[in-house]
Amino acid sequence: MLENEFRDLEEMQERIRQRLQEFLLFAVRQVPYYREMIGKLDLRETDFSSQVDLSIFPPLTKTMLREHRDRLMAESVPDGYEAIGGIKSSGTTGEPVQVRLSRRNAQFFGVLKQRELRWFRYAPTGLMAYIRPPDEFPHQSYDDRSKTYHSNQWPYVSNWFETSRAIGCDILLPIDDQLQWLRENHVEYLTVEAGVLESLAFGQENFSHCQDLKGIQAVATQLTTNMRIRAQEAFELRIDQNYGLNEIGIVASRCPEGGRYHVHIEHCLVEIVDEHGQACRPGETGRILVTGLNNLAMPLIRYDTDDMAEVVEGPCPCGRTLPSFERITGRYRRTAYLPGNTWQYWESFRNKIESIPAPISKNFRQYQLHQFQDGAFEFRFISVGDSDSEFTSYVSDSWKEVVESVAPGSNEKFDIRQVDFIPKGMGRKYQNFTSDFSPNEDG
């Protein structure tokens, strides 16, 4: 694994080519869906013995996966790749899809988790904490007094490496209670959903620092540049992140030195394509397609993640030669069905909220912008105590500035409402923007 990270580029490309060739040969021999596909494309199995060209396979969308799930399962697999169960996608943007996983695919999660924690310089002797729903924490015991879940080891990586213990906190606790929990338990490393991290950062600006924290990893949802900067300033720490899918596992991890995402080529391959399915050029943004190499029980070739990222070229400052891509910019599906200007409104308004001055945000903790079917917008927010006029004026003025800059002369209806609770959306993740125009199923 370590050797692969710094391998000669030409040698690495040849190894990828050979691995992909073996994988595609397996798929067209053992998976009915792909066997039928190459027949329709007037190709033969022998064509995959002399050349490797992923682009001949059309992207596999979530809808296609649901419709052809049974025919995507392999008829037989080598030892070590047998199916051990299934998993669902998070369903953040629509109906979840179900994928059968092989033993090797599951094993790689812990191995790749260890690699990224090594990149982040997390010492396995430290106390790891997770803020997540209770049923997602693999706890061994629960302390009702401290509202803490306990485990004798870090999840996932402890299958392969010796670690210290881990603890968990319920994600539904008030943000200030979560911050107090971090301090009281002297947490050293924290794994938390990106949206929750933003709320913690707003609260942390008005608290004493969590002195024991040495590392924070944001997971599950998008972490914008402004969110990252705010959290890093609030906690005085670098914020680490990976990119993964339930259907594949860990796909890439963000480089601490270069800021780009390095793809774990032992596990998967990544393409970034435009709306016509053509490879994007450096600097361009396109949809992420992932081919998982270790799940022979149900191979996914050019799986359309619905996520979008920017193509990057040139060497990374860290010296690793692993394929890379730049920042993740969001989900295609969240923008495709919205009325004109909606996403521009949201992105500009989000920048305003993420940059709100600390004195104004002293009681502010969490928010959500919702768009109704009639086109009206509502800003919902959670505050510690009653909000003050300075905060609401900032929000109202920010919205007016955004609308005027995006669509001069428009007068979009906009309301501000303080709430006690913002429910988690599809996929059980916090969504800072929701819309009645978003479809209920993946396209």
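By the pairing rule used here, in which rings of Phe, Tyr and Trp (its six-membered ring) pair if their centres lie within 6.5 Å, the count comes to 25 aromatic pairs. The structure is a predicted model, so local features need pLDDT of at least 70 and side-chain atom pairs count only at pLDDT 80 or more, while totals for chains, interfaces and linings use all residues. Residues are numbered from 1 along each chain as its sequence is written, and side-chain values use heavy atoms, with hydrogens and water left out.

A pair of aromatic rings is described by the distance of the centres and the angle of the planes. Planes under 30 degrees apart count as stacked, over 60 as edge-to-face and the rest as tilted. One of the pairs joins F120 and Y122, with 5.7 Å from centre to centre and 55° between the planes, and it is tilted. Both F120 and Y122 are buried, where buried means under 20% relative accessible area, exposed over 50% and partly exposed in between (1.4 Å probe, protein chains only). Another pair, F349 with W399, is edge-to-face, at 5.4 Å centre to centre and 85° between the planes. This pair links distant parts of the chain: F349 sits in helix α11 (residues 342-354) and W399 in helix α12 (residues 389-406), 50 residues apart. Helices (H or I, at least four residues) and strands (E, at least two) are DSSP runs, numbered from the N terminus. F349 and W399 are both buried.

Attention can now turn to two helices. Helix α2 (residues 9-30) packs against helix α3 (residues 32-40) at an angle of about 95°, with the axes 5 Å apart; axes are lines fitted to C-alpha atoms, for helices over the stretch in contact, and angles run from 0 to 180 degrees between N-to-C directions. That makes α2 roughly perpendicular to α3, a label for angles of 65 to 115 degrees. In the contact (heavy atoms within 4.5 Å), A27, V28, R29 and Q30 of α2 meet P32, Y34, R35 and I38 of α3.

E236 has a positive phi of about 55° although it is not a glycine, and E236 is found in the loop between α9 (225-235) and β9 (239-245). With a relative accessible area of 60%, E236 is exposed. D306, also a residue other than glycine, has a positive phi near 75°. D306 lies in strand β14 (residues 303-310) and, at 6% relative accessibility, counts as buried.

Definitions and conventions. Parallel < 35°, antiparallel > 145°, perpendicular 65-115°, else oblique.
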